[in-house]
Amino acid sequence: MASVKGKHSTVHDLFGLEGRVALVTGSSRGLGLVLARGLGGAGATVVLNGRNEQTLQEAVSRLKEEGLDARGYGFDVTESAQIDGTIGRIEEEVGPIDILVNNAGIQRRGALEDFSEEDWQDILSTNLTAVFLVSRRVVRGMIARGRGKIINIHSLQSEVARVTIAPYCASKGGVKMLTRGMATDWGKHNIQVNGIGPGYFRTEMTRPLAENPEFDRWLRSRTPMARWGDPQELVGTAIFLASDASSFMTGQIVYVDGGVLATI
Ligand code: NDP
């Protein structure tokens, strides 16, 4: 870990992630995979995660072919026994986790008055409770070592709602306050906890929106930059928040949204 006394001599000293281990949950596809590739490109050993073992192993192989140091550990982020066991194995087999990106998330859309309790629980447990469960296990090692970086993936819905996704909004609003709570509790251990709030990016999750011409038109007109984001455009923020460059920044959420939240 670089000193806090202004001795960083190069951009590389500030942003490089060599020798660090980064666990990105929900990284077998979508934004998580792009974030893992980005952290790997900055020098980290990246641990990919997801529930579907085949998708996970294919993603690991792809990153390895690209020359990155990638491993895969399948577990369900909503299951505390699986989390606790697997994080222990990762620490033994790969090394202490320096960077945790809580990215796994799901979406279910529907009228709130008809929304099933089961779907509500699934959303809350994957998008919010899992951030607590995975962080609670990983932070033990971070506290012991006196350093660590946690990046929670938020959403525009951490700030603003949209029809048919109230439960998702509740979960992502919860992640915002959990991020601030974690930053408050763990700051004294030199652990920085921050968030990235992506705008709209084309993935499996947003496919129904991307395939809807009406939504696509609305989004372009609603977004100052008049387009969808490219997942690669999240990588710089992730590297910044994972690196020594953000050593005195904690409890913040950086929105990467083409300007949506800046305008009505
Ligand atoms: P995708 O659906 O494309 O990918 C989700 C990933 O999470 C997959 O790897 C999936 O693998 C994994 N996952 C889902 N549930 C679990 C679980 N219980 N345990 C472990 N892994 C799980 O989603 P996105 O990439 O679009 O979204 C990633 C994050 O970014 C989410 O938190 C989402 O809310 C957020 N986000 C996305 C935006 C977008 O525009 N795409 C905008 C704002 C926020 P598997 O199913 O095999 O478990």
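A polar contact is a pair of N or O atoms within 3.5 Å. The legends below describe close-up views of a predicted model.

**View 1. Polar contacts between the protein and the ligand.** A backbone N or O atom of V77 is placed 3.0 Å from a nitrogen atom of the ligand. The side chain of K172 contributes a polar atom that lies 2.9 Å from a ligand oxygen atom. At G199, a polar backbone atom is 3.5 Å from an oxygen atom of the ligand. Of the 890 Å² of accessible area that the ligand has on its own, the protein covers 95%.

**View 2. The surroundings of the ligand.** The ligand is surrounded by 31 residues. The closest of these are S28, R51, N103, Y168 and T203.

**View 3. The packing of helices α4 and α5.** Helix α4 spans residues 80–93 and helix α5 spans residues 117–145. The two helices pack at an angle of about 35°, and their axes are 10 Å apart. Their crossing is right-handed.

**View 4. Residues in the contact of α4 with α5.** Helix α4 contributes S80, I83, D84, I87, G88 and E91, while L133, V134, R136, R137 and V138 come from α5. By class, this contact comprises 5 nonpolar, 2 polar and 4 charged residues.

Notes: Residues are numbered from 1 along each chain as its sequence is written. This is a predicted model: local features need pLDDT of at least 70, side-chain atom pairs count only at pLDDT 80 or more; totals for chains, interfaces and linings use all residues. Side-chain values use heavy atoms; hydrogens and water are left out. Axes are lines fitted to C-alpha atoms, for helices over the stretch in contact, and angles run from 0 to 180 degrees between N-to-C directions. Helices (H or I, at least four residues) and strands (E, at least two) are DSSP runs, numbered from the N terminus. A crossing is left-handed if the near helix is turned anticlockwise from the far one by less than a right angle, and right-handed if clockwise. Contact means heavy atoms within 4.5 Å. Ala, Val, Leu, Ile, Met, Phe, Trp, Tyr, Cys and Pro count as nonpolar, Asp, Glu, Lys and Arg as charged, and the others, Gly among them, as polar. A residue is near a molecule or strand if one of its heavy atoms lies within 4 Å of it. A polar contact is a pair of N or O atoms within 3.5 Å; within protein, one must be able to donate a hydrogen and the other to accept it, and residues adjacent in sequence count only if both atoms are side-chain atoms. Accessible areas come from the Shrake-Rupley method with a 1.4 Å probe; for residues, only the protein chains shown count as cover.
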